[in-house]
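Subject: Structure handover

Hi,

Here is the structure we discussed. Please open it first, then read the notes below.

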Amino acid sequence: MGFILAATGSAIGLGNLWKFPFITWENGGGAFVLIYLMCIVGVGLPIMMAELLIGRKTQKSPVGALKEAMGPWWGWVGAWGVMAGFIILSYYSVVAGWSLFYFVKTVGWSLGGFPADLQTGELFTDVIGNGGLQFLLSGLFMAATVGIVYFGVHGGIERVARIFLPILFVILLLLLASALTMEGAGEALAFIFRPNFSELEPRSVLEALGHSFFTLSLGMGAMITYGSYVARNRSIVSAAGTIVLLDTVIALFATIIMFSVIFTVPGMSEQVGRSAAGMLFISLPELFYNVVPFGAVLGPLFYVLVALAALTSTISLLEVVVSYFIDERNMPRPKATLLSGAAIFVFTVLSALSFGALPALSNFEIFEGKAGVFSTLDHFASNWALPLGGLLITLGAGWFMTREATEGELVDETTPRWFRYGAWRFFMRYVAPVAVAAILIAVIFFGMDFS
Ligand code: TRP
């Protein structure tokens, strides 16, 4: 149970609460959601099973696990994953830090009143452009992450997941119940669940696919690491099913909540949609105090939810890096944790200062356009690190591991009856690699950008 919660906590994060609602918005709703669900079931779920089974079979973290399961060269795929974890964590904690700020801010507004003349857009720009504050917020977040991983998987990660995840579910259900009573709820549900395929572009399909990697924490070995903690008397198939189902439900709930709020305010739907950050940190704070019933209670709850969800994800990202140093470099956990945390924080600071605080980091020439450190790192992770890692892990599990090796982990007396090993193998060998390769082809040859 601890493992399932920890893995679910890794999956549920800013990807669900921040990215998914926004890309659903950008891609026109229903049809995109449907395609996303197909990607989750047809690609995400089989790869989730693959990563978990590799971890349980080898009882190792990604580098050692891939070497043992597939051959010596595959250690590089694991190393690529460790690097991806390093990079994602570095910029992820910046946004996580913002949620911390908005939590404190909304508590203040709930107690002292929301200033009538406040421009939430300006507030946000000021906050992200304030170097000292950014340093402090992302530093606090990294410190919390390091503090938990320091105590190990059972003493730290699982314990936190056990406590935080139920809290997160309760808060989300409260918010959902409130959202469904709002005037805009009907319109929101129609937008999310009524597919209109005429608006769908090929790009949206690949974006949905790329996001399924990010949101399920796949493509970099996080689930290999967690797989090594799954007990023998548990089914990998049901574990994967549970994690994927919970992650998807939470993403949909978050989307329903945000869109119900947005559709309730006349004219709001034209104003949002500039950026994901805008939705979460500019539009919503205002709405909590002017539109949402009980917003003064729900507002702070919402931001604490975002922060907790982010924290259960950052610990899994750090754990991938830390377990590499423990397993492959024989470092004691405390040293590995502090060292990796410190190294990652250097990059975090660069990202945190790339929203105006340090112009040199905020806007530099890269490829054809200008970008800041933050978006460059996000771009690299979403377009390269996860798809490439995912492709290689998929090919490895489908083509380089024997049928006996994978079947032995997936099929036993604990396996649920709906599972068909033959179907899994077919998806791993043909469907998933082709789909994931399409992302890379779109990035390389068509210059698409999925971050
Ligand atoms: N899945 C998390 C989210 O949706 C992000 C995340 C955590 C992640 N660990 C990961 C992404 C490992 C890729 C790999 O927010």
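First, the residue classes: Ala, Val, Leu, Ile, Met, Phe, Trp, Tyr, Cys and Pro count as nonpolar, Asp, Glu, Lys and Arg as charged, and the others, Gly among them, as polar. On that scheme, the shell around the ligand holds nine nonpolar and eight polar residues. It has no charged residues.

Keep in mind that this is a predicted model. Mean pLDDT for the protein chain is 89. A score of at least 70 is reached by 96% of the residues. Among the chain's elements, helix H3 (residues 30–58) has the highest mean, 95. Strand S1 (residues 364–366) has the lowest, 61.

Now the site. The ligand sits in the largest cavity. Helices H1 (2–11), H2 (14–26), H5 (75–112), H10 (202–215) and H15 (295–329) each give two or more residues to its shell. In total, 17 residues surround the ligand. The closest are Gly15, Tyr92, Phe214, Ser217 and Met220.

- Tyr92: a polar side-chain atom lies 2.5 Å from a ligand oxygen.
- Asn16: a polar side-chain atom lies 3.4 Å from a ligand oxygen.
- Thr215: a polar backbone atom is 3.2 Å from a ligand nitrogen.

How much of the ligand is buried? Alone, the ligand exposes 360 Å², and the protein buries 100% of that.

Best wishes

Note on methods: Residues are numbered from 1 along each chain as its sequence is written. This is a predicted model: local features need pLDDT of at least 70, side-chain atom pairs count only at pLDDT 80 or more; totals for chains, interfaces and linings use all residues. Side-chain values use heavy atoms; hydrogens and water are left out. A residue is near a molecule or strand if one of its heavy atoms lies within 4 Å of it. A polar contact is a pair of N or O atoms within 3.5 Å; within protein, one must be able to donate a hydrogen and the other to accept it, and residues adjacent in sequence count only if both atoms are side-chain atoms. Accessible areas come from the Shrake-Rupley method with a 1.4 Å probe; for residues, only the protein chains shown count as cover. On a 1 Å grid over the protein atoms alone, a cavity is a set of points where a 1.4 Å probe fits but cannot get out, and a pocket is an open set with protein on both sides within 12 Å along at least five of seven lines; lining residues have an atom within 4 Å of a point. A molecule sits in a cavity or pocket if more than half of its atoms lie within 2 Å of its grid points. Helices (H or I, at least four residues) and strands (E, at least two) are DSSP runs, numbered from the N terminus. pLDDT is the predictor's confidence in each residue, from 0 to 100.
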